[in-house]
Amino acid sequence: MKRENMAKKSVKWLILLAILGCIPLITNSYHQYLVNLIFVNFLVSLGLAVLLGYCGQFAFASAAFLGIGAYTVGLSMVHLKLSYWLGLFLVVPVSLLFALMAGIIGLRLSRYYLAITTIAFTLAMRFFYVNGGGLTFGPSGFNIPVPKIWGFSFNSDHRLYYILLVVVTILSALTINILRSKVGRAFIAIRDKEEAAAAASINVKNYKMLAFIMCGVLGGVAGGLYSVVVGRITPDEFGMMQIIFHFMIVVLGGLGSITGLMISTIVITLLPELVRAVKEFQEIVYGGVIIIIILFAPSGLYGLIQKYSPFKFREKLQWKP
Amino acid sequence: MLFQILISGFVFGSCYSIVSVGMTTLYQATTVLNFSHGECVMLGAFIFYTLQILYGVSYPLAIVLTLMAALLIGTLMERSVFRRIMFAPHVNIVLATNGFLYFYRGLARLIWKSEPRFPASLIDVQPISLWGAVITSQDIAVLISVFILAAFFIWIFLFTETGLKMRAAAQSLRGAALVGINTNKFFSSIWATSLGAGAVAGILLGPIYSVHPEMGESIILRAFAAMTLGGFGNIGGAAIGGILMGIVENVVGYYFWSPLKEIVAYIVIVGVLIFKPTGILGAKKF
Amino acid sequence: METLKRADRSNKFFHVDEVTVKFGGITALKRVSIEVGKNEIRGLIGPNGAGKTTLFNAITRFIPLVSGNIFYQGQDITPLKPHEIARMGIIRTFQKRGIVDSLTALENVMTGFHRLMEDVHLWDIGLRLKKFREAEEEGYHRALEALEAVGLHGVADQGADVLSFGQQTLVEIARALVSKPKLLLLDEPAAGLSATEREHVMEILKALPSKQGVSLIITDHIIDFVMEVCENLTVLNFGEKLEEGSASYIRNHPDVLDAYFGRG
């Protein structure tokens with residue numbers, strides 16, 4: 001019985017993957033670029049969702065890790081002449097290290113220390129990028145070489161897509177697996193009732209650190225992918241202003257929901273394209289939308305789906321055999 | 001030269017203190033940490049600049065009008081948003097303040113565009129020279145204002161009913177509610193006060209800092225550093241922390257390396273959290 | 001004070017030793033000492049504000065002690081953190097119900113099983129290895145059984161936020177049971193329960209020592225409930241131990257009645 005279920009699930013996922021794999025067949029370069037951005041945004045937002053949505057810890061870290069990933073890949077390719085793949089691989093321990101450092105400092109006493117530490121962290125990293133001289137190429141940034149493997153060059157948006165598809169799918173699957181287990185339940189318990197979590201033998205401090213590290217690693221890898229999607233990295237893309245995108249995605253999707261996250265990623269990524277005409281209003285709209293969601297639909301799209309759908313829909317944090 | 005550095009640092013530091021005390025007061029009375037406070041300072045500065053420079057309003061009148069605007073904005077924020085989400089999970093409240101952060105920044109960018117502005121100082125008198133330091137009229141204005149404000153705050157805190165309520169709320173929010181302090185008017189007035197303090201800081205900082213839509217970011221960072229340094233949630237700590245931040249920043253900027261001034265705040269935050277997380281005067285935990 | 005009836009004479013199973021707790025200027029607990037034996041059901045009663053929940057918080061180390069120690073099976077557990085206390089098998093419930101609103105009733109109960117899933121690591125979970133699947137399945141079935149055992153049928157997949165206070169109480173008890181506790185601290189378990197639910201819970205609690213080797217400390221205001229379930233009672237008043245003895249001894253003790261109802 002269980003084998004059958006597992007086989008059925010696998011087939012479903014393979015079909016989904018095959019469909020996703022066909023996207024480049026119907027898009028032009030620009031549309032493919034947007035799709036690529038959606039994948040990148042999903043990965044970094046997933047990291048923020050784990051920390052903020054599930055574990056309830058407020059941190060301004062998503063853009064910083066995006067930057068760390070991008071710069072790690074870029075600098076290792078340009079200065080150390082590593083291949084893109086090695087650079088991407090390097091992102092994991094580097095992000096992990098930064099997350100550990102920031103987490104050890106920030107996860108203390110008042111819940112606001114993490115927010116403050118991560119703001120300081122984000123701005124400090126930016127300072128480093130801008131004033132790093134020849135090492136970080138300063139305020140104007142630098143170009144990323146094209147990833148290659150065995151002579152095959154990923155020199156188009158369509159080709160880059162397949163890297164994204166593989167990496168994002170694998171990492172998302174791992175993350176979602178982790179969330180649908182005692183870990184996810186522990187996160188939500190910490191978010192909603194920290195004392196009850198501790199009374200259930202959950203080591204709150206360690207789990208918060210775990211959530212932070214997951215946010216860091218996912219954000220870092222997303223940054224590594226982002227660097228080649230965009231082709232050029234500059235310090236301005238990884239500051240406080242970028243964080244609002246990720247916040248919006250997580251909040252709009254609904255704190256603690258993957259389905260909502262998928263939908264909101266698409267919406268928010270494509271939004272600037274729709275709102276392009278009224279660019280000056282962008283920030284006002286984003287800020288206003290966040291406030292409106294908090295006021296009227298605090299459970300985001302997920303909450304709205306639950307409320308208005310004809311059938312029962314609930315994302316369970318269990319693994320059912 | 002050292003005296004100049006110290007005076008200058010004290011002046012900036014006093015402004016940081018006003019910002020930090022404004023934030024901490026709100027935090028103590030309502031447990032809300034207003035991440036958009038830096039933008040509120042920025043708005044105060046812009047409104048003052050607009051009144052004074054663009055409409056030629058006299059300095060004192062501009063101050064009054066700016067303060068009234070700030071009180072109004074604070075009350076509106078509380079009434080329209082924060083009153084309704086008072087009992088929501090903390091994450092939601094923090095997100096709401098962040099929403100305001102971006103909303104105000106976008107608003108400022110839209111209305112005033114992005115070039116920095118410089119409001120004029122109070123009196124156009126010659127700067128005075130004291131012990132090798134040059135003290136401008138703006139510096140004096142800041143020092144006098146801070147003194148008045150401190151006196152005003154202490155008076156409210158210790159000798160009025162509102163102050164009593166604030167102290168009660170700071171000691172125990174639940175206890176305060178039990179004795180009937182949890183009135184909407186109280187919360188509105190706290191928000192209004194916090195924004196008012198922010199506006200004052202904006203008015204004072206304008207001429208010496210320059211006014212532009214992005215100034216909120218660096219201001220709030222310094223406020224956080226000041227609050228962390230002095231003891232998070234501690235009003236006295238916020239005041240002392242602010243002044244120390246101003247002085248340390250100036251000292252570092254002059255004696256070490258000018259760009260380093262920017263990261264003093266980060267170093268202070270990290271340093272305090274590593275070595276003495278409760279800060280100088282001790283943090284209040286919520 | 002009367003010498004306590006105890007099923008098992010082995011002393012020092014659980015020993016609260018001269019514990020003092022202060023909040024600001026107020027002394028909430030003053031040199032309180034209590035000894036609970038193995039497989040004993042102890043009631044903790046006293047008027048409002050006597051310090052019962054404070055004592056629970058002190059025992060489970062959610063609050064610091066000004067002085068005193070707490071010993072469990074001979075070990076000094078005073079320096080431990082709350083989650084470490086829980087790991088040792090000392091499980092507590094909360095007066096306001098420690099229910100996670102965003103999880104379903106079943107998921108709430110499954111968090112009780114967290115304690116028994118310590119050796120399931122991150123990679124087991126991420127890659128859905130056998131160790132994880134078996135542990136999760138066991139937890140799932142145990143949780144379902146526990147929900148049935150406390151009398152909750154059909155609410156497993158409902159969000160905990162839509163449950164009544166009484167149902168939430170039962171969920172919390174189920175969660176405590178699933179974690180295979182050795183010492184169970186129940187804070188007002190009868191509050192919010194209907195008469196039938198109360199009867200049912202009484203039966204379950206009374207059977208716990210003999211069936212599963214659990215000791216219990218129960219605090220509640222519903223005196224009949226406490227008298228029925230507990231063999232011995234400790235009475236607190238104004239943060240101090242007032243009296244201690246068997247249920248019958250306490251029931252009619254003048255000082256206890258005085259503390260609750262006042263002289264006159």
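**Contacts, domains and helices**

Q: How many residues of chain A are in contact with chain C, and how many of chain C with chain A?
A: In this predicted model, 27 residues of chain A are in contact with 30 residues of chain C.

Q: What makes two residues count as being in contact?
A: Their C-beta atoms, placed from the backbone, lie within 7 Å. The 27 residues of chain A and 30 residues of chain C are counted on that basis.

Q: Which elements give two or more residues to the side of chain A that touches chain C?
A: They are α6 (157–179), α7 (182–192) and α8 (194–199) of chain A. The most comes from α7(A), with seven residues.

Q: How do the residues on that side of chain A divide by class?
A: There are 15 nonpolar, six polar and six charged residues.

Q: What does chain A bring to its contact with chain B?
A: Chain A gives 36 residues, and chain B gives 41 residues. On the side of chain A, α5 (112–131), α10 and α12 (282–296) each give two or more. By class, that side has 25 nonpolar, seven polar and four charged residues.

Q: Why are α10(A) and α13(A) called roughly parallel?
A: Look at the angle. The axes of α10 (residues 240–253) and α13 (residues 300–308) of chain A cross at roughly 15 degrees. Angles under 35 degrees count as roughly parallel. Therefore α10(A) and α13(A) are roughly parallel to each other. Their axes come within 3 Å.

Q: Which residues of α10(A) and α13(A) meet?
A: A:V251, A:L252 and A:G253 in α10(A) meet A:G300, A:L301 and A:Y302 in α13(A).

Q: What makes two of the residues in this helix contact polar?
A: Gly counts as polar. A:G253 and A:G300 are both in the contact.

Q: Which domains does chain C have, and where are their bounds?
A: The domain assignment gives domain 1 (1–89 + 181–264) and domain 2 (101–175). Taken over C-alpha atoms, 27 Å separate the centres of domain 1 and domain 2 of chain C.

Q: How do you know that the two domains of chain C touch?
A: Count the contacts. In chain C, 11 residues of domain 1 are in contact with nine residues of domain 2. On the domain 1 side, α2 (82–87) and α7 (195–212) of chain C give two or more residues. α7(C) gives the most, with four residues. By class, this side of domain 1 has six nonpolar, three polar and two charged residues.

Key:
Residues numbered from 1 in each chain as written. Chains lettered and ligands numbered in written order. Predicted model: local features only at pLDDT ≥ 70, side-chain atom pairs only at ≥ 80, totals over all residues. Domains from an automatic or database assignment. Axes fitted to C-alpha atoms, helices over the stretch in contact; angles between N-to-C directions. Parallel < 35°, antiparallel > 145°, perpendicular 65-115°, else oblique.
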